[in-house]
Amino acid sequence: MAYTRLISALGTPLTDDERLHESGLEAHLNDQFQHEIEGLLIGGSMGQMQMLSDETYRNLIQRSVEWASGKSEILIGAGDTGYTRTRHRIEYINQFKVDGVAVLAPYMWKFGPDELIEYYQALADVSRAPIYLYDLPQITGTKLEWETMFELAKHPNIAGAKCSDGFDWTRQLIEQIDEHGLDFRVIVAQANMLDILVRNGFRDHLDGMWAWTPHWAKAIVRHTEAGQHDQARRYQRDLSALQRLIRGYGLQGFTVLMNQRGIPGEFAPRPHARLTDEQRQQLLDEPISQRLIEAH
């Protein structure tokens, strides 16, 4: 029987001068391992890959692979503004044994389906690890349409897609992938529906919320798979309440709560503004924040 896999989109803890905070990264990874998270996305949008210096990005990959190898599935984020910059990132990743490379659609400029197909196919030819399409139109401004994915799924080194658009679109993609008989893994990003999706047989889930709440996410899965749906809903309500709260705080709020949980580092590189002392205390005083900290 297939089992549910949670893949955490990790943050990137930084020092004051925005170098990698190595002890923060190690603590962040250990928090995931302690709660038996099955996979990690390093340097995704949650990890602010595009805002890191090349040196910090390289250190992030090297240390993450060193500490996580053999403990979880490892995906690395590599999407940039164009082919050459993304290829250079992939060529660096090729030094390491990882399970996949998640590639955003190029952003800033807009490209059509034929251009995107050629772009991803060329990157897949370069990459040692399988490529995962990273569909995040809310950020990139570019939508990877079904037909584009169907064509790319034919490439032997394109293994699947991480879908962050609306779930109705993702569900139809999964249904059509099955109809086309394609071997193509679709990873869902719907943190506020985790209990429902697990109950209905959707097995691959990737989200930044697992980085905040690995213990709650695993509890949702555990209780749902055991048929304990009332308990699963209670954890889901807490996770969803935290997700709603942090929309007003962003990665600055992530820094505050992670630090409070004993994971050091600054997770919001400039130009993200720091929270004021008043904002920080307001966040910590929220009942859902207190439940998160106490549960840890």
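User: Which element gives the largest share of the lining of the second largest pocket?
Analyst: Helix α3 does, with 4 residues. The elements that give two or more residues to this lining are α2 (54–68) and α3 (83–93). Helices are DSSP runs of H or I with at least four residues, strands are runs of E with at least two, and both are numbered from the N terminus. This is a predicted model, in which local features need pLDDT of at least 70 and side-chain atom pairs count only at pLDDT 80 or more, while totals for chains, interfaces and linings use all residues. Residues are numbered from 1 along each chain as its sequence is written, and side-chain values use heavy atoms, with hydrogens and water left out.

User: What makes a space a pocket or a cavity?
Analyst: On a 1 Å grid over the protein atoms alone, a cavity is a set of points where a 1.4 Å probe fits but cannot get out, and a pocket is an open set with protein on both sides within 12 Å along at least five of seven lines; lining residues have an atom within 4 Å of a point. The largest pocket has a volume of about 750 Å³. Among its 25 lining residues, Ser45, Met46, Asp207, Gly208 and Gln243 are the closest to its centre. The second largest pocket has about 160 Å³.

User: Which residues line the largest cavity, and how do they divide by class?
Analyst: The lining includes Gly43, Gly44, Ser45, Met49, Gln50 and Tyr134. By class there are 5 nonpolar, 6 polar and no charged residues. Ala, Val, Leu, Ile, Met, Phe, Trp, Tyr, Cys and Pro count as nonpolar, Asp, Glu, Lys and Arg as charged, and the others, Gly among them, as polar. The space in this cavity is about 50 Å³. The lining of the second largest pocket has 2 nonpolar, 1 polar and 5 charged residues.

User: Why is methionine 108 called exposed?
Analyst: Exposed means over 50% relative accessible area, buried under 20%, and partly exposed in between (1.4 Å probe, protein chains only). Methionine 108 has 60%, so it is exposed. Methionine 108 lies in the loop between β4 (100–104) and α4 (113–126). With Trp109 and Phe111, Met108 makes a nonpolar surface patch of about 370 Å². A patch takes residues with over 30% relative accessible area and no salt bridge, joining nonpolar side chains (Val, Leu, Ile, Met, Phe, Trp, Tyr) within 5 Å and like charges within 9 Å.

User: What makes the contact of aspartate 204 and arginine 185 a salt bridge?
Analyst: The rule asks for a side-chain nitrogen of Lys or Arg within 4 Å of a carboxyl oxygen of Asp or Glu. For aspartate 204 and arginine 185 the N to O distance is 3.0 Å, and the count by this rule comes to 20 salt bridges. Aspartate 204 is in strand β8 and arginine 185 in strand β7 (residues 185–188), so the pair ties together parts 19 residues apart in sequence. Aspartate 204 has 16% relative accessibility and therefore counts as buried.

User: How do you know whether aspartate 238 and arginine 291 are buried or partly exposed?
Analyst: Aspartate 238 has a relative accessible area of 18%, so it is buried. Arginine 291, at 38%, therefore counts as partly exposed. Their side chains meet in a salt bridge (3.1 Å, N to O).

Definitions and conventions
Areas by Shrake-Rupley, 256 points an atom, 1.4 Å probe, with all protein chains shown as cover. Points joined across faces, edges and corners; volume = space filled by probe spheres on them.
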